[in-house]
Amino acid sequence: MPYQRIKFYQTGSFAAGNRLLPADLRSVQSSATRANTLTCGHRACQGCGEALGARYALDAVMRATKGKLIAVNATGCLEVFSTPFPETSWQIAWLHSLFGNAPAVATGVAAALKAMGRGDIRVVGQGGDGGTVDIGMACLSGMFERNDDVLYICYDNQAYMNTGVQRSGATPPAARTATTPAEGPEPGNTFGQGKNVPLIAMAHEIPYVATATVADLRDLEYKATRAMDFHGARYLHILVPCPLGWGSSPADTIKVARLAVESALFPVFEAEAGEVVSATPIRRQMPVTDYLRLQARYAHLFRPEERTDVIARIQASADRNVSRFGLLQDHHPERTRLALNGHLPAEGR
Amino acid sequence: MFQVRFHGRGGQGVVTAAELLASAAFREDRYAQAFPSFGSERMGAPVMSFCRIDDKPIRTREPVTEPDALLIQDPTLLHQAGLLHGLRPDGYVLVNSGRDVDDIGLAEFAARHRGHLLTVPATSLALANLGRPLPGAPMLGGLAALTRGEQTVGLDALLAAITDRFGDRPRVAAGNSAAARAAFDFVTGELDELKAVTHHA
Amino acid sequence: MEKPFAITLTPGSSRANHTGAWRTERPVYVHNLPPCNDACPAGENIQQWLYHAEEGDQDALLARGDGPPQPPAGEAAWRQIMADNPFPAIMGRVCYRPCETACNRGQLDEAVGINSVERFLGDEAINRGWKLPGALARTGKRVLVVGAGPSGLSAAYHLTRLGHSVTVKDAGAEPGGMMRYGIPKYRLPRDILDAEITRVLDMGVTLELNATVTDLLAELTEGGGTFDAAFVAVGAHIGKRAYIPAGDSARIMDAVSLLHRVEDGPAPMLGRRVAVYGGGNTALDAARTARRLGAAEAVVVYRRTRDRMPAHDIEVEEALEEGVTMRWLSTVAHADDGKLVIEKMRLDETGFPQPTGEFEELTADCLVLALGQDADLAVLDGVPGVTFSGGTVDVGADLMTGHQGIFAGGDMVPAERTVTVAIGHGKKAARSIDAWLRGASREQAPRPGLAGYNGLNTWYYADAPGTIRPKLAAARRTGTFDEVTGGLDESTALFEARRCMSCGNCFGCDNCYGACPDNAVIKTGPGGPGDYEIDYDYCKGCGICAAECPCGAIAMVPEEP
Amino acid sequence: MLKQIEGSRAVAETVAMCRPQVICAYPITPQTHIVEALGAMVKRGELNAEFLNVESEFAAMSVAIGASAAGARAYTATASQGLLYMSEAVYNAAGLGLPVVMTVANRAIGAPINIWNDHSDAMSQRDAGWIQLYAETNQEAADLHIQAVRIAEELSNPVMVCMDGFLLTHASERVDIPAQAQVDAFLPPYEPRQVLDPDDPVSIGAMVGPEAFTEVRYLAFERMRRALDVISGAEADFGAQFGRGSGGLVKLYRTDDADLIVVALGSVLGTVKDAIDELRDDGVRAGALGITTFRPFPAQAVRDALGDDDRLRRLVVLERSLAPGAGGVVTADLRTALATGDGGPRGAIIATVIAGLGGRPVTRPSLTRMLTRAARGELPEFSFLDLDTHLVEGELTRIRAARRSGPTAENILRDLAGRS
């Protein structure tokens, strides 16, 4: 099912379902027979973006693989809330080993399947941002470098939520965490830190890298499905808001993710063999403050007085994304590629 | 039990030499044990390896401290402290050198170990036959001659071991074998000469 | 598989853990009142019929082989309109569209072209000859309707559907009242008018034309007549007269009679220059008609300014397009042969026009007065209990006059005088009469809350600007009475219908089903409105479903302790 | 088939015959020759398996965990720092009950960095839940791998085969390499107890709280108890199949009438046996008890081996690792074994001798000297073999003299240099 913006107008073009679409163009999540890989009764917080993102992604992969799927999970919120003895919320073959080794364990599963002649079964490795960009980075890079036949999915909620919201390598600048408190002249996380794992993944020139959020289900499902068209190492980075850690309302989980995209703070794109091939254009660009204000982790930017200086730096990074990925035009892969590879002037450099 | 200690420099193949000797002994239905002086030495550094040969299983794993034979693959090591340390009174010493024992400053030692200390131009023999300065095989050929194969190994077993070791590279096998045979003949000749001299005296 | 204790678990076993206990608020599906429905004087369920219309008739998008062939959804939409309003084709032309003014989409890009879709459906019904469902069982009750205007015909239509026998008596030669004698052809072609009236009559309504009711009570059973109840809607056909000093030869007529004569008599000779005095829709109709009757100049003289004009903007725009000119802040002080004396006015702080004493001349062969209309209340004169005030009949909320069994509506009761309002009165009266005949008092269903713009999540709606209806070129208008505004074709009508955001009512987008982190929304059907249930065993009450519902059809309500 | 062969090569060839499906490794001295050989076999197509060059030992064990959970026979090898680096995954493999087999080419642990042999690495993982087998010779090293695969899969528990780095891995000696048919006959195909299967999905690796964690651990303890029988069973079957004794729980050497018994693990037993013969020639009734299976600790087998009459016995535990602040790791287990259960000698006098740390040769003369003292009852309860007392005294004096005396290791090296 190729992902396409709906070309004809009718109510709810971007909604999960839509009775006016032929069944094969409706989303996996709209199907009454979706796999529900992560089912009811899990112990995630109210409005958990990770629970949502995991089901979105894995249900799509389950459809793409006709149910022939094995998932490997890093330690973290997802693992803890889904499998506390004696109950599991997973309805697929699922293995949890350690915090930092999910990519390697997934590699082992894939290698075993190959050795046993079960190439029909596909493997997904998954973890949070801590397990991916920090403690799991070596294993992830190794999996990429060997081009093992694994799709690795990072559910990025931008901090160590499982342990009580400590700063991770994916925590954005100025965000408050338990280890980057809103104190002192530069409150929250320091500017100029953190790593962009999608770009690092692209540097490995693996077949497929993509970013997505829980705000655009159709885009996310397309990418999870597209990833399964490839063999070798693939990486999907999904932004999943965390009401607890971000201090946002549980009801706003999807809204916050949407604003992250519409403000250009989280560029949504896909790359093949190290080259960006498409960037999802922003529908209506929003100022970053619309995004920041919804989250208590940024409250110090607005109270007691508004930190216009800090907000300006954040806006600058959003603007940089706009020019870097060409987020404001209907996507021009060539232009985006050039910008990303530094051949075009990009703002905020 | 016959114990050999090999002295050489990293890259000269002392470990291979020890293993070749062991494997030759194995061919003669004897028990053998070969192992390097386990180190992280790099190319050119002084290194040792060991070989034990016995008629019954060998259990000990300690380094050879009282060798029955010393194979010195590089004469520049001769004046290294403790090189000859622990050599048994009736032990053998074979030095890789084109010069006479007297010229390498071992005259006095040679006098005490008459017929047990010899030099053999292993490197030049290797160059001549193999085309590479690897003295391992000729040194073993020399040892076989020096010990008359009694306590160590016979030439045939040695040549078989060499052929087997380099089985996948026939040219190398042939070269090493030829070098070993040449060294065997050379040492045999030297010994006959000594015998003759003794006879005249 | 023999599973190692505790380390390895059975899939889906967490369903034993009922997380519903975490909930402090629960989501519930609601139906809120869309602003269009709220604003419709005829009480149409616009959101509902647009929903049907969205699917289109031979919808190429649905003809992809999935599912059985769809019934003509356009017909379903039309029936939905007909439940409240018997004249979609007329509405689609003459209604002043309060629905579109209220439409939430207006705050996103442009209001949905409800009126144009209604017209498309109305025309489709005429062209395809769609039939109405049969009426309910006959009640044996007889109702007299006085006046065959929009209000009377609407009442007749609804009463008939309710099973009553209806006779309509009208003083005119043709049915339709103001729709025929007040609205010019170029706004409402007569074939359309006739077709929709005929459809009503074909239901078995008895129509008596040229029949003026002189003794209403005599018609009723109480007066020895045969009717159990009456609905009076004779409209307001008497043009207001104002005293204007005029010379003997001055040619003055009123707009109402002008429009009436254009319809059924020899068209009056107006001359080259025509002045129309007044600021209402009728004034503009008169001016535009004058142009079509050959007047080179048509000037509208109005005492106030444009922003204070009671006429609707569309009318003013179209009039200006057709070369009609305006004289603001002016009154006619004196009329003479071939010329008028105009006094300039100014607005005082209360916005009331005051004379300035400045005069000027305006050449005009004829002066048309469009100063409003009065209702002919004669039919109700002397009926016991019936009272009047300000030239209109006093009625209750159920449109019943002071006399039991006699109801009134349309232009003769206090209300905005539009066709749509009149049609609404007809429906309301019909229901009241039905209730009265059954000896019941009609209880109003409680009005649900209004579905405001802030309750929507508009991100989910595709960007879609509105469709412009084709218009007859201004040059070709003045010569003829051809219809000015064109209609939409099927694709553009479908497009317009699909711009509806279904405010306050589920349209089956599956968002709640998809967006629940706890899989606590159950799909009970293929995915249409109301095909969902909340599984309160697992719903943690996060509220994402409500927040992400595009049309605001889910509400979060506190859990009772 | 008899071969004069390097230990690493012998192990590689034997492991290949066990038909591993996934082999993963990260290079570390002295394990390299084993995985190099296996890698070559896979490349040449002689061995039908997936060979992965991973980025760390942590990844190596993680790949093995994934492969094993997916139902494949998984093998890896490491040593020293590598074993510590994968330690988290080592515990995890055991916790998940995955029958991974791993060779540990025993080597010391830094700092100071040291590539030579002792048992510090394996001993550091003794409580990881793995079965630990120690090879005395390269023949046994090879044979133990065949048994390890069978034991691991029968119990669904990982097995570590420990062979002394360099002393065995790099030593060329006579080894009887079995025929593939023999190995196949001894090793049934892998039938996993639990497996990741999309057609019969399960969640492996749940989080277990206080309500059940103790029970999970108890079951692991029970499994280890059962392992004692399984290991003995494997030893017996192996003997029947291959016609030679290898593996098992413990091995005895001239212990029948012995009243001086050396307890040791691994290749040092060879030199110990020579020393014992020498002592016997001098009339000392000495013997040796080799512990092949260190985890689970074969307490009963040890008690039985040492006899239960009232004769006074002196036990010398030769430790190849040091538990700083405690003493000897093996000694502690031995004392527990003798203090509990049925039988076993009463009042045995136990002396711990730390020997052969970081590649220090354990020579027969030193052993003989030490054991002679032991026989005379002159051996202290705890001592180091061949400790350069002069050297350490020098450093200790220096430390007492000045607080900031610099790194001990470097000072010692300076002293050594100064001496020669």
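Which residues of α4(B) are buried? I looked this up before anything else. The model is predicted; local features need pLDDT of at least 70 and side-chain atom pairs count only at pLDDT 80 or more, while totals for chains, interfaces and linings use all residues. Residues are numbered from 1 along each chain as its sequence is written, and chains are lettered from A and ligands numbered from 1 in the order in which they are written.

**Entry: helix α4 of chain B**

I took helices (H or I, at least four residues) and strands (E, at least two) as DSSP runs, numbered from the N terminus. I called a residue buried if 20 or more other C-beta atoms lie within 10 Å of its own, exposed if 12 or fewer, and partly exposed in between, with C-beta atoms placed from the backbone. In α4(B) I found G136(B), A137(B), P138(B), M139(B), L140(B), G141(B), G142(B), L143(B), A144(B), A145(B) and L146(B) buried. That is 11 of the 11 residues of the helix (residues 136-146), so α4(B) is largely enclosed by the rest of the structure. R148(B) follows α4(B) and has a positive phi, near 55 degrees.

**Entry: helices α1 and α2 of chain D**

I looked up how α1(D) (residues 7-17) and α2(D) (residues 32-44) pack; their axes come within 8 Å and cross at roughly 45 degrees. Axes are lines fitted to C-alpha atoms, for helices over the stretch in contact, and angles run from 0 to 180 degrees between N-to-C directions. Angles under 35 degrees count as roughly parallel, over 145 as roughly antiparallel, 65 to 115 as roughly perpendicular and the rest as oblique. α1(D) and α2(D) are therefore oblique to each other.

I then listed the contacts, meaning residues whose C-beta atoms, placed from the backbone, lie within 7 Å. From α1(D), S8(D), R9(D), V11(D), A12(D), V15(D) and A16(D) meet H33(D), I34(D), A37(D), L38(D) and M41(D) of α2(D). By class I noted 8 nonpolar, 2 polar and 1 charged. Ala, Val, Leu, Ile, Met, Phe, Trp, Tyr, Cys and Pro count as nonpolar, Asp, Glu, Lys and Arg as charged, and the others, Gly among them, as polar.

**Entry: the sheet of chain D**

I traced an open sheet of 7 strands in chain D, ordered β3-β2-β4-β5-β7-β6-β13, with mixed pairing. Strands pair if DSSP finds at least two bridges between them. β3 (50-53) and β13 (293-295) of chain D are the edge strands, each pairing on one side only. Inside the sheet, β2(D) (residues 22-25) and β4(D) (residues 74-78) pair in the parallel sense over 2 bridges. I23(D) stands opposite Y75(D) there.

**Entry: chain D against chain C**

I found 17 residues of chain D in contact with 11 residues of chain C. α9(D) gives the most to the chain D side, with 3 residues. That side has 10 nonpolar, 4 polar and 3 charged residues. Strand β1(C) (residues 8-9) runs antiparallel to β9(D), joined by 2 bridges, and L9(C) stands opposite S203(D).

**Entry: chain A against chain C**

Here I noted 47 residues from chain A and 52 residues from chain C in the contact. α9(A) gives the most to the chain A side, with 4 residues. I counted 22 nonpolar, 20 polar and 5 charged residues on that side.

**Entry: a hairpin in chain C**

β12(C) (residues 330-336) and β13(C) (residues 339-347) run antiparallel, joined by 6 bridges. H334(C) stands opposite V341(C). The two strands form a hairpin with 2 residues between them, and G338(C) in the turn has a positive phi of about 85 degrees.

How values were computed:
Contact = placed C-beta atoms within 7 Å.
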